[in-house]
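Biologist: I'm new to this one. Could you take me through it and tell me how you reach each conclusion?

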Amino acid sequence: MNWNTQRHPLDRDICVHIFSASAAMVGVCITVIGILRVVVSMHRTDVIGTDLLAVNTFLYLLACLLSYWALRTRNVQRNHRLERISDALFLLALTLTTVNAGFITWAVSAS
């Protein structure tokens, strides 16, 4: 059995996971921004976490759109390239989510 024929279903599966997880994380980021704005207005302080969450939301959205494009394309080379880019963006956004959690925890506990 050829290695490329085995790889194609796995790649599509990865794109589906990136697409669904990043779409869900866009919603999570928007929700946290809203909650954080309420906390910030109650404490009368400003938090850099809301700005970082906005950037984070766009990274998840880009990962979502690129993985969707990879699912829709018929060109195998383009599929692999888009998949790698969306995978890297998703991991970057996931790392930024962890950094955001630290900033938000520090800012809320400091005030």
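Modeller: Happy to. This is a predicted model, and pLDDT is the predictor's confidence in each residue, from 0 to 100. The mean pLDDT of the protein is 82, and 82% of its residues reach 70 or more.

Biologist: Which helix has the lowest mean pLDDT, and which the highest?

Modeller: Helix H1, residues 3–43, has the lowest mean at 76, while helix H2, residues 49–72, has the highest at 91.

Biologist: What makes the order of elements α-α-α?

Modeller: The protein has 3 helices and 0 strands, and read from the N terminus on, that gives α-α-α.

Biologist: Why is serine 86 called buried?

Modeller: Buried means under 20% relative accessible area. Serine 86 has 0%, so it counts as buried. You'll find serine 86 in helix H3, residues 76–110.

Biologist: How do you know that the side chain of serine 86 makes a polar contact with glutamate 83?

Modeller: The cut-off for such a pair of N or O atoms is within 3.5 Å. The side chain of serine 86 reaches the backbone oxygen of glutamate 83 at 3.0 Å, so the pair falls within that cut-off. Setting aside neighbours within four places in sequence, serine 86 is also in contact with Ile18, Ala63, Leu66 and Ser67.

Biologist: And asparagine 56: buried or exposed?

Modeller: Buried, because its relative accessible area is 0% and the cut-off is under 20%. Asparagine 56 lies in helix H2. Not counting residues up to four places away in sequence, asparagine 56 touches Cys29, Ala93, Leu96, Thr97 and Asn100.

Biologist: Which residues have the most contacts inside the largest nonpolar core?

Modeller: That core has 21 residues, and those with the most contacts inside it are Leu36, Leu53, Leu59, Tyr60, Leu89 and Phe90. H1, H2 and H3 each supply at least two residues of this core, with H2 giving the most, 8 residues. Take leucine 59: leaving aside neighbours within four places in sequence, leucine 59 is in contact with Leu89, Leu92, Ala93 and Leu96.

Biologist: How many of the residues count as buried overall?

Modeller: Of the 111 residues of the protein, 33% do. As for the surface, the protein exposes about 7,200 Å², and carbon and sulfur atoms supply 68% of that.

Note on methods: Residues are numbered from 1 along each chain as its sequence is written. This is a predicted model: local features need pLDDT of at least 70, side-chain atom pairs count only at pLDDT 80 or more; totals for chains, interfaces and linings use all residues. Side-chain values use heavy atoms; hydrogens and water are left out. Helices (H or I, at least four residues) and strands (E, at least two) are DSSP runs, numbered from the N terminus. Buried means under 20% relative accessible area, exposed over 50%, partly exposed in between (1.4 Å probe, protein chains only). Accessible areas come from the Shrake-Rupley method with a 1.4 Å probe; for residues, only the protein chains shown count as cover. A polar contact is a pair of N or O atoms within 3.5 Å; within protein, one must be able to donate a hydrogen and the other to accept it, and residues adjacent in sequence count only if both atoms are side-chain atoms. Contact means heavy atoms within 4.5 Å. A nonpolar core is a set of buried Ala, Val, Leu, Ile, Met, Phe, Trp, Tyr and Cys residues joined through side-chain atoms within 4.5 Å.
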